[in-house]
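Student: Could we go through a few local features of this model together?
Tutor: Gladly, let's take a look.

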Amino acid sequence: FYAPCSHPQVSNHLTLIAESLPSESNEQSSTAATSGGNRNRCPVPGILYNMNTIESFHALDKKSLIKAEAKKIWDDIHTGKAVEDSAVLSRFLLISFADLKKWTFHYWFAFPALVLDPPATLVDLRRASQYFSLEEAKSVSAACNEWRNSSLTADVPFFLVCIDPNSLATVKHIKDWETCQSDVNKLLFGFYDPCHLPNNPGWPLRNFLALISVRWNLKSVRFLCYRENRGFADMGLSLVGEALITVPQGWRDHQCLPNAVGWEQNKGRQVSRCINLAKSMDPTRLAISAADLNLKLMRWRALPSLNLNALSSMKCLLLGAGTLGCQVARMLMAWGVRKITLVDNGRVAMSNPLRQSLYTLDDCLNGGEYKATAAVKSLGRIFPAVDAEGVVMAIPMPGHPVPSQEEDNVLEDCRRLHDLVDSHDAVFLLTDTRESRWLPTLLCANTNKITITAALGFDSFLVMRHGAGPFSSNDERQRLGCYFCSDVVAPIDSTANRTLDQQCTVTRPGLAPIASALAVELLVGILHHPQGIFADGELANSSNSGSSEQPLGVLPHQIRGSLSQFSQMTLVGHSSDSCTACSSTVVSEYRERGLEFILQAINHPTYLEDLTGLTELMKSASSFKLDWDDDDDDCVEI
């Protein structure tokens, strides 16, 4: 859209913004909704070709493109559409290529104009105040202001100015040209002129003269370049001119398409323009845009069902900010997760930066910074838009008795962990010890949170998603198990009397990135599965895995891998009624007794086994005997 010039030294440029693009498939209704009755938005229809590569942008046949747009104008003139709706006389063409990674935009505008051959001759051009008498100028100004203030005509850019012998001016639609021939002293073809130059009419005049010559076969045309000052007609800025037209041979024939010009020049040359917005943009917004672009391209090319809103709104709690925690945090950011909370009470040691990707040597100095704090700072440097929080806190563990003087602190840690689990959507268990995963597993089962465990051996790993809690609103199908469902003993202190190699995480360096990536992919799979946390465990290469129905493939329960064999397999394990972390017995006891129950489980290693019936199970197993016949060579497979 454009509007008449309103400043003696500044032209009113054509404006193309996001609103210019149709929001629906019906372009005509969109254009009408955008511009209807707005005096500052005279509509100009156009077409945009946005290319996918810079090579295709340069390879466009520009001559054919502008010829196609000129034919639209030519057809509208001959069919009479341009008389009924004069806005179609002015069209634009835009070709572009957007490099959204570098924020570099290549573009080229064209404003198609039909070429008069021979060209029109401008024999007179002066200020309107010099052409009209004083009375005529006042009357023309009043008539134009009335035309501009009416919602029916404010955005109609071409019109007729009729002045009778009594110097009374009226403004009419160009379709009324025949009725204006009688009792008119002066008749001018007016148009909204966006140009400010005192000696040059604006670009809309070109196709207006083509219409006049074809429709009415006029040899001489008196025209008004209408311009304004502060929203009102200004005869001192407006121009009146006369053009002599020789109707080109063949123009009366609809099939005779004239030549067209209109590609905008760039500093006097016929080349496209290029603008780089990266330097003028906020680096944080650039980073956000670049990160979102990768995910949007992924959705566009391969995963139309990818739910970016679900990912960006996900709040993830990472328990452990070590080798696994660092990798998981980075993978989550790559998937578009913006809210990440890391919990750890350790400090960065000299051995950490090589394997734990969020830390550097500076984090190890002066005794080492807390991992949770250093990790948050590092995440902010990598991606400023991340909403990361570090919590320095120890996780209370069974088998680690609490002295009476420390009970209040431990109970406070329990409350804090409960609040953290409650305020997040997904929890990753990434700690070093088995017992440190017990309390988070219980809390997640109680609140039915998405829970994912990753654990490392020397050359093997386990990644699994916990099933829904025992009191979740699910059907009667058997629940998937948690990290503790396969155990027949309660978690105990695994840190006492450990040698140096047992105190350090001794694993092959490539193991943590593999396990971390699989853990995050499990989360994404859960979010995109129609049953979410209640989805059954699927096996790879299984006929009933359902992978053909889900765009991200199978959603396994457990993934166990071995680097020594370079192998990986998927397993399914169902929940156990004797589980020390997620069984209904344990969750019910926690709901009834709360922190008192947790304190008892921490201080008394056998309490959980007694509660769940594991003690009786082990007694019955130890009393079971097998009689072997040494003379029988047959093997018995159990």
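Tutor: Val-161 stands opposite Val-171 in β6. This is a predicted model, where local features need pLDDT of at least 70 and side-chain atom pairs 80 or more, while totals for chains, interfaces and linings use all residues. Residues are numbered from 1 along each chain as its sequence is written, and side-chain values use heavy atoms, without hydrogens or water.

Student: Which residues of strand β6 point to one face and are buried?

Tutor: Side chains alternate along β6, residues 169-172. Buried means under 20% relative accessible area, exposed over 50%, and partly exposed in between (1.4 Å probe, protein chains only).

Student: Why do the buried residues of α16 lie on the same side?

Tutor: In α16, residues 584-593, the buried ones are Val-586, Val-587, Glu-589 and Tyr-590. They share a side of α16 because the arc they cover around the axis is only 160 degrees. That arc is taken from the directions from the helix axis to the C-beta atoms. What covers these residues includes α12, α13, α17 and α18.

Student: Is Met-350 buried or exposed?

Tutor: Met-350 sits in the loop between β15 (339-343) and α11 (371-382). Its relative accessibility is 56%, so Met-350 counts as exposed.

Student: Where does a positive phi of about 65 degrees occur in relation to α16?

Tutor: Helices here are DSSP runs of H or I with at least four residues, and strands are E runs of at least two, numbered from the N terminus. Just after α16, the residue with that phi is Gly-594.

Key
Contact means heavy atoms within 4.5 Å. Two strands pair if DSSP finds at least two bridges between them.
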